[in-house]
Amino acid sequence: MRVLVTGARGFIGSALVVALEAAGYTVRGLGRGAGSVKDWRQADFAAPDSLAGVCDACEAVIHLAGVAHTRADSKEHEAVTVAGTRALLAQAREAKVAQFLFVSSIKVECARDAYAKSRRMAEDMVRACGLPSVAIVRPALVYDAGVRGNLGRLLQVADLLWPLPIPRGGARRSLVHRDDLVRVLVALLAHRARDVTYTVTDGASYTMRDIYDLMRAALGRPASRHALPEGVVPAVARFGDRVTHWTGHACPWNSERLAPLLESCASDDRRVWDDLGMAPGHTLASGIAEMVAARGGHKAWRSIR
């Protein structure tokens, strides 16, 4: 069975390709630039014409490609996530693809920004595409060794010599280890579900302090004995916004950077695990321990000035 994987060079896609090949699937990778997959197609989702023929001879598509960061403007999200998905679906219908798995985001459930809006629009198109088997997967925040973004920055901060008094309560986030998300995607190919939407998490939710404390423990750093009141964080964020406005440079403590402490995005939906007869293989504690081991212990404090 030949499976087209879009975004095959990305954080999730690179691991998915390995897992699919190990499971006996023939993989066609798609993305910008050169790829390591033997059957590789180069395309840009912002240029729909470049997708011509990418689904030919494929029985399934796992669509991962999209604008990964939330700071992009609405035009970029529209061009890549919305128009790009529309063009890919047209190619899938033309090639008579039997299965289409769209990897969306849990943010569809908890955010109203351009990123979440574009994902909702793409989801609607996938549901209405008319292909025989369609599944939409909404992963929580995906992490593993090499993760960047907010979790990567938090791991650097957690490795500082002196602990920070991060508030103990506040916003809660769900997470999922990359290996567990990949296991779900591979299993869904065999499951051949029709018109399902799944949120994929590790079954728990965490405050930023929970995550920070687990990182400190894995790094062998002493735990913080103190915590700021929750109400301090919004005030700091507002001050950071003013500094950003006055200086024209992003303050490290503005609303965007402190969003993980201010905005909840969590789910306790376990339907995908129940339907597939599976369970998450990683707890956050074990996953973070692996991340720390992979990076070789204390490093981050030497690179932060």
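The crossing of helices α2 and α3 is right-handed; a crossing is called right-handed if the near helix is turned clockwise from the far one by less than a right angle, and left-handed if anticlockwise. Helix α2 covers residues 74-94, and its axis lies 9 Å from that of α3 at an angle of about 15 degrees. Axes here are lines fitted to C-alpha atoms, for helices over the stretch in contact, with angles running from 0 to 180 degrees between N-to-C directions. The two helices α2 and α3 are therefore roughly parallel, a label given to angles under 35 degrees, with over 145 counting as roughly antiparallel, 65 to 115 as roughly perpendicular and the rest as oblique. On the α2 side the contact (heavy atoms within 4.5 Å) involves S74, H77, E78, T81, V82, T85, R86 and L89. Their partners on α3 include Y115, R119, M125 and V126. Helices (H or I, at least four residues) and strands (E, at least two) are DSSP runs, numbered from the N terminus.

The model is predicted, so local features need pLDDT of at least 70 and side-chain atom pairs count only at pLDDT 80 or more, whereas totals for chains, interfaces and linings use all residues. Residues are numbered from 1 along each chain as its sequence is written, and side-chain values use heavy atoms, with hydrogens and water left out.

From α4, the residues L151, L154, L155, V157 and A158 take part, and they meet M208, I211, Y212, M215, R216 and L219 of α6.

Leaving aside residues up to four places away in sequence, V5 touches L16, V17, L20, V27, R28, G29, L30, I62 and L64. In soluble globular proteins, nonpolar side chains tend to be buried together.

The structure holds one disulfide, a term used for a pair of cysteine sulfur atoms within 2.5 Å. The disulfide joins C110 to C265, with an S to S distance of 1.9 Å. The link is left-handed, with -60 degrees about the S-S bond. C110 sits in the loop between β5 and α3 (114-127), and C265 in the loop between α8 (259-262) and α9, 155 residues apart. C110 is partly exposed at 33% relative accessible area, while C265 is buried at 5%; buried means under 20%, exposed over 50%, and partly exposed in between (1.4 Å probe, protein chains only).

What of C55, which is in no disulfide? The nearest cysteine sulfur, that of C58, is 6.2 Å away, too far for a bond. C55 is buried at 0% relative accessible area, and C58 is buried at 4%.
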